[in-house]
Amino acid sequence: MESFALHSLSTATTYSFFLPSRSYLQSPQPIFKSPSPILRTLSNPLLFTPLSKPHKPNSPSHFTLHSSQIETSSTVPATHTTPPPPPQGAKILPLIASISIGLILRFVIPKPVQVSQQGWQLLSIFVSTIAGLVLSPLPVGAWAFLGLTTSIVTKTLTFSTAFSAFTNDVIWLIVISFFFARGFVKTGLGDRIATYFVKWLGKSTLGLSYGLTFSEALIAPAMPSTTARAGGVFLPIIKSLSLSAGSKPGDSSSRKLGSYLIQSQFQSAGNSSALFLTAAAQNLLCLKLAEELGVIISSPWVSWFKAATLPAIVCLLATPLILYSLYPPEIKDTPEAPAIAAKKLENMGPVTRNEWIMMGTMLLAVSLWVSGDALGIPSVVAAMIGLSILLSLGVLNWDDCLSEKSAWDTLTWFAVLVGMAGQLTNLGVVTWMSDSVAKCLQSFSLSWPTAFGVLQASYFLIHYMFASQTGHVGALYSAFLAMHLAAGVPGVLAAQVLAYNTNLFGAITHYSSGQAAVYYGAGYVDLPDVFKMGFVMAVINALIWGIVGTFWWKFLGLY
């Protein structure tokens, strides 16, 4: 799940990532904790131990198979210092700024005649809430709750209306997806699948990258959290392989192998998430918001997959190769990587009962997601069936669900944003905004394809101001989709491409998504390289999706 990572990461500590042991996988401790799940995960000693000053790296051509103790041999016992106490209450300056933005909109800017008093007041509360999500005076869930409370206290919304989104089926589907992701990590199934791909394709650095990329694409539809895939499956594998090759974080040797593998996996993850409707939480939210604006997509899972297939697969095939040229590793061949993977699989032992149950349950869930319309089974009900199986057979227990704090945090702030956005639509505020933008575009005599390009680019670039993909969707997706519709863009095309864009901009900065914080926190990629390669790959992705997608979507009849 894509969490807010608003803290500065420019001076991040270098970490050593251990491969999850069986004892860790069975632990009920949450993988990602709110309010800042990724940063809290980075500080979890079960996963990460600060490295000592790196020793002189080995020769770039040297890649020796080490024992499973390689991580511990490259570290010294950590010196634990008492962290400073967390701040008490809200941060004053962000609090004042967030509230002031809403007050200025409410009492200084004249209300348009097309908007009701209730609508304008709700818009000011919504804008103040979004400002707080960016400026972070309080944790995300807490600030969203304050916005919800304000809407009720000011009698802008009734209690039942304000809380209506808490029964939203898509939000509960997202919550359950956190539990599925936990099951993949707890059982070790995701780790096993990725390790097999390393064994099959890992004889060269490029092949190793493709193996990791393909394995993520394979498990993505059944593990609906890019952040969980990054932190729970792929980063530990990349860390182990890199250290085995003498490539250490925070050191000149990082460019041997680790930097390239991190960049390749990071930049490929967005296309894996865009390929399947159930590969990321924000995808589900996008279609729900589109439905509220009257854009109904029949057989959503299949329709989504068909429209994304060609451009996403082209990007998945191109990304490791492009980065191999633009951001090359020093080590080109990794002949012992398959041996490392084979040794790890041997240590893991045969597929366990819980892994088989997890595999069968997710195959059932994906099958129901694909054929749910024909069978009359909504997606959330399919997810509930899957979770019930995992709970009944002991793969997950209720403590696992209760300790997945980021799931419950997401339920809170997501429901608040979705509820406010829905009421803004009902009160005509979104229609007024879209009509205003449409008139502006018409004044330039823009055709709908040109308006489509301008709006998509604007939606993408605005993400430099956001630290969450789902937060971006909750704040802006409805408004931008309404602008597309007002400009004459076909509804289904606009809704799906905006959603695809939501996945692609998750790799443009070190704070743009949950997985961005995970991969940057590994210490293998310098901050300037994150921004540089993020922008370059964003342009390349835009060209591929724009060119390939244009012909493919025409062939599918989307316009």
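Biologist: Which residues are linked in a network of salt bridges?

Modeller: The general idea is that side chains of opposite charge can pair when their charged atoms come close. A salt bridge is counted when a side-chain nitrogen of Lys or Arg lies within 4 Å of a carboxyl oxygen of Asp or Glu, and the network here links Arg-182, Lys-186, Asp-400 and Glu-404. Before going further, bear in mind that this is a predicted model, in which local features need pLDDT of at least 70 and side-chain atom pairs count only at pLDDT 80 or more, while totals for chains, interfaces and linings use all residues. Residues are numbered from 1 along each chain as its sequence is written, and side-chain values use heavy atoms, with hydrogens and water left out.

Biologist: How many salt bridges does the structure hold, and which parts does the pair Asp-400 and Lys-186 tie together?

Modeller: The structure holds 8 salt bridges, and in one of them the side chains of Asp-400 and Lys-186 meet at 2.6 Å, N to O. Asp-400 lies in helix α18 (residues 398-402) and Lys-186 in helix α8 (residues 169-187), so the pair ties together parts that are 214 residues apart in sequence. Helices are DSSP runs of H or I with at least four residues, and strands are runs of E with at least two, numbered from the N terminus.

Biologist: Are Asp-400 and Lys-186 buried or exposed?

Modeller: Buried means under 20% relative accessible area, exposed means over 50%, and partly exposed is in between, with a 1.4 Å probe and protein chains only. Asp-400 is buried at 0% relative accessibility, and Lys-186 is buried at 6%. For the chain of 559 residues, 57% count as buried.

Biologist: Where is the kink in α25 centred?

Modeller: The bend at a residue is the angle between axes fitted to the seven residues ending there and the seven starting there. In α25 there is a kink of about 35°, centred on Gly-549. The buried residues of this helix include Gly-549 and Trp-553, and among the elements that cover its buried residues are α12 (258-275) and α14 (300-326). Gly-557, which follows α25, has a positive phi, near 80°.

Biologist: Which residue does the side chain of Ser-264 join in a polar contact?

Modeller: A polar contact is a pair of N or O atoms within 3.5 Å; within protein, one must be able to donate a hydrogen and the other to accept it, and residues adjacent in sequence count only if both atoms are side-chain atoms. Ser-264, found in helix α12, is joined side chain to side chain with Ser-209 by a polar contact of 2.5 Å. Ser-264 is buried, at 0% relative accessibility. With contact taken as heavy atoms within 4.5 Å, and residues up to four places away in sequence not counted, Ser-264 touches Ser-209, Thr-213, Thr-319, Pro-320 and Leu-323.
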